[in-house]
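Please look over the sequence and the model shown here, and then read the short briefing that follows.

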Amino acid sequence: MALFARCPKPDPTPAYELLPQELYPETWTPEGLSVPWRFGNRHLSVTLVYASADDTRYPSYAVACLGCPYKASRALSGDRILRQDEAVELANSHASTCNALGNPVPERPDDESARTLLLKRLVELQQVRGARPINPEVFLGDRLELQRDDTWIRDVLLHTAEASPELLRAEPSPYAEGGFLFHGQPILGADTPTGA
Ligand SMILES: [Zn+2]
């Protein structure tokens, strides 16, 4: 009988796995976006100020906290896009009061899940706001969930317009060779003004 229990061999695998550097909330840049500002709360949860990486001329900005559901992509007054200084102010004031603990970055959805999310949002937008121009900018508030760039969003919109013209109409853009403008169609039963 052994008098002393043997010490177990040390496990060569660490109890945690190191993430690739780009997946830390402090440094994460979601696909298709630029992140000019980040604010940490006192528990090191991160609030991002971001814009589309493709929207470099007159970018509109959005704010999202990685620790809690807070996000903003429209100015409360006038329901218009956010300028960078407005987004920075919202993010700073959110981070100063948010008590969320630091969370890992959200998982990137597969193509089918991202497409389903985009189309669900498209229908919601048209139900709330009626027929309207649709472009990647209107999905700015969903980009941390989508994790796709503007080109991917435009491709899905084009396929949707071809498959479901009752939902979305596409016409060649006079501004960009090979580009399209998209128009959401009125959804039956939605509370939209008829002009009658
Ligand atoms: Zn928060």
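**Briefing on backbone and metal site**

L44 is exposed, at a relative accessible area of 62%, where exposed stands for over 50%, buried for under 20% and partly exposed for the range in between, computed with a 1.4 Å probe on protein chains only. This is a predicted model, in which local features need pLDDT of at least 70 and side-chain atom pairs count only at pLDDT 80 or more, while totals for chains, interfaces and linings use all residues. Residues are numbered from 1 along each chain as its sequence is written, and side-chain values use heavy atoms, with hydrogens and water left out.

- L44, although not a glycine, has a positive phi of about 70°, and it sits in the loop between β1 (33–40) and β2 (46–52); strands are DSSP runs of E with at least two residues and helices are runs of H or I with at least four, numbered from the N terminus.
- Q147, also not a glycine, has a positive phi of about 50° and belongs to the loop between α3 (143–146) and α4 (150–163), where Q147 counts as buried at 5% relative accessibility.

**Zinc site**

- The zinc ion has as protein donors C65 (SG), C68 (SG), H94 (NE2) and C98 (SG), at 2.1 to 2.4 Å, donors being N, O and S atoms within 2.8 Å of the metal (3.2 Å for Na, K and Ca), and since water is not among the atoms, sites may look incomplete.
- The donor residues follow the spacing C-x2-C-x25-H-x3-C in sequence.
- C65 in strand β3 (residues 62–65) and C98 in the loop between α1 (84–97) and α2 (111–129) are 33 residues apart, so that the pair links distant parts of the chain, and both C65 and C98 are buried.
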